[in-house]
Amino acid sequence: EPPLNARVFSGIQPTGVPHLGNYLGALENWVALQNQYPSVLYSIVDLHSITQPQNPDKLRNNILDMAASLLACGINPEKAILFQQSQVSEHAEFCWILGCLTSMPRLRHLPQWKMKSKQKNEGSVGLYIYPVLQAADILLYKSTHVPVGEDQVQHLELAQDLARIFNLHYGELFPQPQALLSSTRKVKSLRDPSSKMSKSDSQPMATIFITDSPDDIALKIRRAVTDSTSEVTFDPQARPGVSNLVTIHAAVARLSVEEAVSSARGLDTGAYKGLVSEAVIQRLAPLREEIQRLRADPAHLEALLALGSRRARQLAAPMLDEVRHRVGFS
């Protein structure tokens with residue numbers, strides 16, 4: 001039973017429509033948390049998204065696509081505050097204050113910077129301070145619990161450090177946010193099971209989106225990389241391709257891995273792919289219909305986000321007033 005002052009915060013970039021890995025890895029967990037915690041905030045983090053170049057019209061569309069997707073997956077705006085980060089200007093102002101408490105060497109070793117700046121040789125200042133903005137997102141609401149994947153744990157550690165540093169300089173204000181690591185196994189690329197499923201994969205067959213048609217889903221799974229053994233077993237090291245299909249099957253059908261493997265007894269991998277396709281299609285079809293329904297009424301989505309942003313500001317504004325006062329601005 002979480003304590004009464006417990007508060008969950010998490011953010012997702014507006015990359016358009018989530019893929020199956022996002023859905024099974026994060027969003028299913030988000031839906032469960034809104035029923036377990038007294039206060040939950042979910043943000044579409046568009047400030048974070050512009051650390052990579054964005055086309056403005058596409059970004060506007062992507063934000064609404066993500067809002068529709070979150071609602072379709074089961075995020076309930078009456079239980080969780082669902083809002084667009086850029087509409088709550090306190091995030092950016094607080095990021096500046098925390099940035100003045102963060103050293104350059106501390107940021108240089110964080111995974112986001114190391115990974116993305118290497119590709120370009122050097123990244124923007126925004127990409128460099130991305131984790132400071134993440135810390136601001138979390139601390140601005142005195143969040144106590146943050147659902148994160150393993151790749152984000154070091155960013156959460158920065159938020160914990162900044163809570164300590166601020167408290168040390170300006171008196172106790174922020175609780176230490178704790179990680180809620182989701183138990184879901186990682187969904188891998190259908191074309192290269194050594195890497196995780198990704199929206200930006202250059203191979204269109206690698207990634208299943210939650211709005212894919214049944215035919216697309218069946219084709220992608222039929223073409224998924226497996227191996228020459230026809231029996232279905234779960235062995236992620238030796239048989240990553242087949243094991244990824246088992247992971248997906250178990251997650252969408254709400255089975256344990258053992259149950260998924262035993263349901264495949266007597267099937268070769270080709271026949272098993274048919275079974276997995278059916279399970280994925282059955283799970284995603286209602287989401288796809290609901291997203292299409294919601295996207296047909298953009299004004300309704302915009303109104304929901306505006307309401308969410310007002311509710312978030314009601315929490316963020318008094319908090320930032322207190323921060324300003326402690327820092328000496330007022």
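The domain bounds used in this tour come from an automatic or database domain assignment. On that basis, the chain of this predicted model is divided into domain 1, residues 7-186 + 298-327, and domain 2, residues 204-292.

**First selection: the two domains.** Colour residues 7-186 together with 298-327 as domain 1, and residues 204-292 as domain 2. The C-alpha centres of domain 1 and domain 2 are separated by 31 Å.

**Second selection: the interface.** Display the residues at which the domains meet: 13 from domain 1 are in contact with 18 from domain 2. Between them, domain 1 and domain 2 bury about 1,300 Å², and 73% of this area lies on carbon and sulfur atoms. Across the interface there are also four residue pairs in polar contact. On the side of domain 1 that touches domain 2, the elements giving two or more residues are helix H1 (20-33) and helix H3 (56-73). By class, this side of domain 1 comprises eight nonpolar, two polar and three charged residues.

Between domain 1 and domain 2 the count is one salt bridge. Show the side chains of Glu-28 and Arg-283, which form a salt bridge whose closest N and O atoms are 2.4 Å apart.

Is Asn-167 buried or exposed? Its relative accessibility is 10%, and buried means under 20%, so Asn-167 counts as buried.

Key. Residues are numbered from 1 along each chain as its sequence is written. This is a predicted model: local features need pLDDT of at least 70, side-chain atom pairs count only at pLDDT 80 or more; totals for chains, interfaces and linings use all residues. Side-chain values use heavy atoms; hydrogens and water are left out. Contact means heavy atoms within 4.5 Å. Buried area is the accessible area (1.4 Å probe) that two parts lose on being put together, summed over both. A salt bridge is a side-chain nitrogen of Lys or Arg within 4 Å of a carboxyl oxygen of Asp or Glu. A polar contact is a pair of N or O atoms within 3.5 Å; within protein, one must be able to donate a hydrogen and the other to accept it, and residues adjacent in sequence count only if both atoms are side-chain atoms. Helices (H or I, at least four residues) and strands (E, at least two) are DSSP runs, numbered from the N terminus. Ala, Val, Leu, Ile, Met, Phe, Trp, Tyr, Cys and Pro count as nonpolar, Asp, Glu, Lys and Arg as charged, and the others, Gly among them, as polar. Buried means under 20% relative accessible area, exposed over 50%, partly exposed in between (1.4 Å probe, protein chains only).
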